[in-house]
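Q: Please take a close look at one part of this structure, the place where the two chains meet, and begin with a single residue that can lead into it.

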Protein chains: 2
Amino acid sequence: MRTLFNAEMADLAEDLVGMARHVETAITKASEAILTGNLDAAQQVIAEDEQLDDLETQVDERCVLLIAQQQPVGLDLRTIISALRISAALERMGDLAAHIAKDVRRSYPESPVPDSHREIIEGMCAAATEAAGEIIRLLETRDLNVAAAIVEDDDTLDALHERAYKSLTDGTYTGSPQNTLDVALLARYFERFGDHAVGISRRIVYLVTGDHSGSDAKI
Amino acid sequence: MRTLFNAEMADLAEDLVGMARHVETAITKASEAILTGNLDAAQQVIAEDEQLDDLETQVDERCVLLIAQQQPVGLDLRTIISALRISAALERMGDLAAHIAKDVRRSYPESPVPDSHREIIEGMCAAATEAAGEIIRLLETRDLNVAAAIVEDDDTLDALHERAYKSLTDGTYTGSPQNTLDVALLARYFERFGDHAVGISRRIVYLVTGDHSGSDAKI
């Protein structure tokens, strides 16, 4: 029974890594779409988001079955509950990548990023893509240094988000309302992406160390 | 044992209703703050958001203990898992009300809502406040008519959200970038608030009817 349980817990962990790989692909392609105007890449992100929704349902079902059949307690139970939270956060990260891709599609063949904000959005693409890769590594290795790197990437995203908003509202910005809307929403999507990454990382840190002090970043 | 379990399930349901009441108060006060420029109301929403975070932690702990001690299966287990999802959504709805209140505080004594968009934001305040009240009634009564009313309010929020964006980007809008940013973000906060309300309502409909067809609104 225990061996079966361990195998099923390993499958659950593998499902989460699969979801995280999907999110990394989505944010990588969404970043490419937004920086190079690649409409195909944007379409792929939008089309493939449904797969991530299906994966989330699969993880949820596995969690419910695991609890019902194996009646886990203690750390096992907390791991399963955390898996439910992590799958919801990964699904939401995929949604945000799809939102970014939809913005590219809407504005095509123009870019949704005005030249004035290209550097900021480039920085956000880089930090978000990095954070997505780190989520995979954290799920695979549970290395706490990786968790710290995710927090750093989120700090970068927060700082760029603030810079984007300030530059729009300091009285000097002369772009169109459409430009303002695009920059505001893109910056917010990336900022929320980072929040979810940190939420996942705190869940994993909690499982590894029992330290729940970072739990203000709810996922 | 069963009586104790039933009492604990009733406590869990009561916790969720308590969270929903908190959310209703938050969005009511945030709406008042935004429509009347009431800074005190805004400060209260921001200050009280922490209580909602604590309530979420309390619900989560109760769910984990219930599962560990009572080893529920079937509908009981699904109810507990849904409670975890619902508490996360309610906590997020509180965050969104606090975001709205922070926007009021930032722009005080000016309103963050330009006259051009006052009617749209009024409509969003009304629909969001209504949806929050319906969540309480749905949790208390499990009346499916209430679930339908929540979907209608969300439709209203989606339509107003679209109207807000269109009016900003149709080439006729002459407000400042700050106005554009404020309207864009406020509309998005209300729209997400509605999404979470529908997500909660679908979870409850699923528990009552077993029908999971609305599960695309993940919470």
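A: In this predicted model, T180(A) has a relative accessibility of 1%, and because the cut-off for buried is under 20%, T180(A) counts as buried. T180(A) belongs to helix α6 of chain A, which covers residues 177–209. Apart from neighbours within four places in sequence, T180(A) touches L168(A), Y173(A) and G175(A), and from chain B it touches P177(B), T180(B) and L181(B). The UniProt record, in an unreviewed entry, lists "domain: PhoU" for residues 18–104 and 122–204 of chain A. The span 18–104 of chain A is 94% helix and 0% strand, with its end C-alpha atoms 26 Å apart, while the span 122–204 of chain A is 89% helix and 0% strand, with end C-alpha atoms 28 Å apart.

Turning to the interface as a whole, 35 residues of chain A are in contact with 35 residues of chain B. The two chains bury about 3,300 Å² between them, of which 58% is on carbon and sulfur atoms. Across this interface there are 6 salt bridges, and 7 residue pairs are in polar contact, both residues being at pLDDT 80 or more. On chain B, the side that touches chain A draws at least two residues from each of α2 (39–70), α3 (74–107), α5 (144–169) and α6 (177–209). By class, that side of chain B holds 16 nonpolar, 7 polar and 12 charged residues.

Two charged pairs show how the chains are linked by side chains. E61(A) and R78(B) form a salt bridge with an N to O distance of 3.4 Å. E56(A) and R85(B) form another, in which the closest N and O atoms are 3.9 Å apart. E56(A) lies in helix α2 of chain A (residues 39–70) and R85(B) in helix α3 of chain B, so this pair joins two chains. Both E56(A) and R85(B) are buried.

Because D182(A) is in helix α6 and R106(A) in helix α3 (residues 74–107) of chain A, the pair ties together parts that are 76 residues apart in sequence.

Key:
Residues numbered from 1 in each chain as written. Chains lettered and ligands numbered in written order. Predicted model: local features only at pLDDT ≥ 70, side-chain atom pairs only at ≥ 80, totals over all residues. Heavy atoms only, no water. Helix = DSSP H or I, 4+ residues; strand = E, 2+ residues; numbered from the N terminus. Buried < 20%, exposed > 50% of the residue type's maximum accessible area, 1.4 Å probe, protein only. Contact = heavy atoms within 4.5 Å. UniProt positions renumbered as here; feature names shortened; annotations may be inferred. Buried area = accessible area lost by both parts, 1.4 Å probe. Salt bridge = Lys/Arg side-chain N within 4 Å of Asp/Glu carboxyl O. Polar contact = N/O pair within 3.5 Å; in protein donor to acceptor, adjacent residues only side chain to side chain. Nonpolar A, V, L, I, M, F, W, Y, C, P; charged D, E, K, R; others polar.
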